[in-house]
Amino acid sequence: MRLKAVFMLLAGLLAASTAGAADKTMIVLDASGSMWGQIGGRSKIEIARETLASVLKSVPTGTELGLMVYGHREKGSCSDIELAVPPAAGTGDAITAFVNGLNPKGKTPLTQSVEQAADILKYTEEKATVVLVTDGLETCEADPCALASALEQKGVDFTTHVVGFGLTEEEGKQVACLAENTGGKYFQASDAGQLVAALTETVAEAPMTKPAEEVAEAEPEPAPAFNAEFDSTLSEGGPSLGDEDDVFWQIYKADVDGRPAGDTIETQYKGAFSGSYPPGKYVAVATLQSSIKRETPFEVKDGAVAKPFVNFDAGHVTITPKRTPQDAEADSNAAVEIAFGDYSTTYYGTAKFYASAGEVTVNGTLGPAKVTETFPVKAGETVERDLIIGSGIVLNKAIYAEGGPAVDSSEVFFEVVEAKKTLDGKRKSLTYSYGTGTKLDVPAGDFVLTARLGSATNEIPFSVKAGEMKEVVVNLNAGVLAVKAPGAASVEILVATKDIQGDHRTSIATLFGPEVQDTLPVGDYVLLVKYDGDVAPKEVNATVKAGERSEVAVQ
């Protein structure tokens with residue numbers, strides 16, 4: 001049977017590993033944070049969604065198929081593994097819907113995921129197949145090779161196939177053992193084009209599972225006679241996009257109005273390709289890098305070759321965000337939002353994309369530093385532009401006293417505010433962070449860095465230039481006051497000096513419990529210790545010195 005769909009890897013794996021209705025297969029899908037990485041300008045999770053949506057339509061009826069996902073709910077967790085769809089027949093729509101809603105963010109516990117999938121499939125009792133699609137290596141201190149050997153030894157008829165999605169050849173060797181040690185196959189998919197070539201060769205021509213007995217060699221099918229030749233270009237009269245895998249084709253039957261009808265009958269990632277179809281009317285939908293879509297109807301007739309052609313009327317743009325014009329490389333922390341027509345998306349670091357002919361707007365952001373540029377793009381041209389986001393970096397630090405100890409705390413709050421105050425005496429906040437030594441992106445100019453720890457706060461003005469990393473240190477001029485008051489319900493800290501009328505003292509903070517401490521500005525204080533019940537409150541004097549710890553016991 002001729003396989004025409006471009007992304008038929010999983011379909012081949014699933015069809016071959018589910019020869020009988022009782023066979024069960026589990027797809028284990030990588031949804032770790034690295035799936036936001038791009039291949040040819042498109043995120044890997046986006047390609048995975050399109051692939052699965054297409055492949056699942058060709059899964060044989062009766063196949064019991066499930067989905068397990070890892071890394072999609074928590075950052076830094078090795079237990080973030082979920083059985084999203086239990087194995088059953090007719091689960092294609094449920095799997096597609098779940099994958100479409102994924103938001104990759106976590107780690108890569110692929111070994112434990114495969115093990116859990118095998119257990120769910122009851123691999124020690126029944127024939128079972130796992131198809132692992134991963135774009136990264138194990139990050140949870142597990143040994144996939146050892147697991148594969150154990151599964152092979154205990155399993156009745158257990159097989160794992162592994163798709164290395166965007167892995168290097170060296171990385172692929174580290175996970176291929178999951179397939180090799182269980183009699184499965186490893187597939188290197190470095191980009192969409194290589195994936196197409198690999199799937200056409202391996203899925204259409206090679207058996208995918210361990211044979212129970214010798215299989216008679218099938219007669220080779222004759223090469224198809226193509227009756228449709230598809231092509232695309234960026235401009236009228238421009239060169240063909242040829243093997244460019246940023247072009248995604250979907251072929252449909254045409255309805256009575258000449259619109260796409262029903263499911264896709266073929267998909268392809270390539271600028272130009274050939275196909276063979278029964279006589280009839282069709283619609284080809286071509287999408288360039290998920291952003292520019294074109295439709296072209298065509299008709300296949302006996303004895304003739306149809307030639308569907310698409311002109312995307314677009315140019316190729318590269319935006320390199322930099323802090324200064326002199327920077328040699330792009331700043332990977334810069335967010336670059338691109339917009340043309342009704343399409344927009346955001347890149348981090350260098351943005352490479354196709355844009356429809358016309359105006360393109362680019363918004364660059366580095367923390368609070370922002371810049372916007374609009375420029376024209378012509379069909380067929382290549383545009384390369386630097387986007388200068390004039391920003392420096394502040395390395396924020398705090399000390400308790402001049403020449404004294406540094407503040408080493410994740411609780412110190414730093415905030416960069418504008419140097420000039422508004423009419424109401426306030427300063428506009430630009431950016432903030434918790435913890436000493438964090439780096440803050442700040443636009444070039446004059447600003448104030450404030451620091452607050454406990455009840456102590458101070459500030460210092462500073463200036464920063466674009467591309468400059470500057471250490472800014474705030475002297476809190478403060479110390480730590482620790483109070484032990486057995487049986488106390490609360491301790492209120494008051495300024496020792498009364499106001500000018502002599503009516504009251506300013507309250508600094510109220511802390512609860514018999515043992516409390518606070519960071520306070522240098523000075524004299526009165527501690528008002530209160531108790532539950534009929535116990536009278538007590539007042540105790542205390543003094544805080546810069547860079548020192550003062551301890552007060554209230555009996």
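Predicted model: local features only at pLDDT ≥ 70, side-chain atom pairs only at ≥ 80, totals over all residues.
Reader: Why is Tyr531 called buried?

Author: Buried means under 20% relative accessible area. Tyr531 has 14%, so it counts as buried. You'll find Tyr531 in strand β34, residues 523-531.

Reader: What is Tyr531 in contact with, leaving aside its neighbours within four places in sequence?

Author: Tyr531 is in contact with Pro486, Gly487, Ala488, Ala489, Ala536, Lys538 and Val554. Take Gly487: it sits 44 residues from Tyr531 along the chain, yet their C-alpha atoms are separated by 6.7 Å.

Reader: What makes a set of residues a nonpolar core?

Author: The residues have to be buried, of kinds such as Phe and Ile, and joined through side-chain atoms within 4.5 Å. The largest core here has 41 residues, and Phe230, Phe298, Phe312, Ile319 and Phe353 touch the most other members. Phe353, for one, touches Ile319, Ile338 and Phe340, among others. Another core lies apart from that one, with 25 residues including Ala48, Leu52, Ala84 and Ala189.

Reader: How do you know which element gives the most to the lining of the second largest pocket?

Author: Lining residues have an atom within 4 Å of a pocket point. β18 supplies five of them, the most. β3 and α2 each supply at least two. The lining has 16 residues, with Trp36, Gln38, Ser43, Thr345 and Thr346 nearest the centre.

Reader: How do the residues of that lining divide into nonpolar, polar and charged?

Author: Four are nonpolar, nine polar and three charged. The space in this pocket is about 370 Å³.

Note on methods:
Residues numbered from 1 in each chain as written. Heavy atoms only, no water. Buried < 20%, exposed > 50% of the residue type's maximum accessible area, 1.4 Å probe, protein only. Contact = heavy atoms within 4.5 Å. 1 Å grid on protein atoms, 1.4 Å probe; cavity = no way out; pocket = protein on both sides within 12 Å on 5 of 7 lines; lining within 4 Å. Points joined across faces, edges and corners; volume = space filled by probe spheres on them. Helix = DSSP H or I, 4+ residues; strand = E, 2+ residues; numbered from the N terminus. Nonpolar A, V, L, I, M, F, W, Y, C, P; charged D, E, K, R; others polar.
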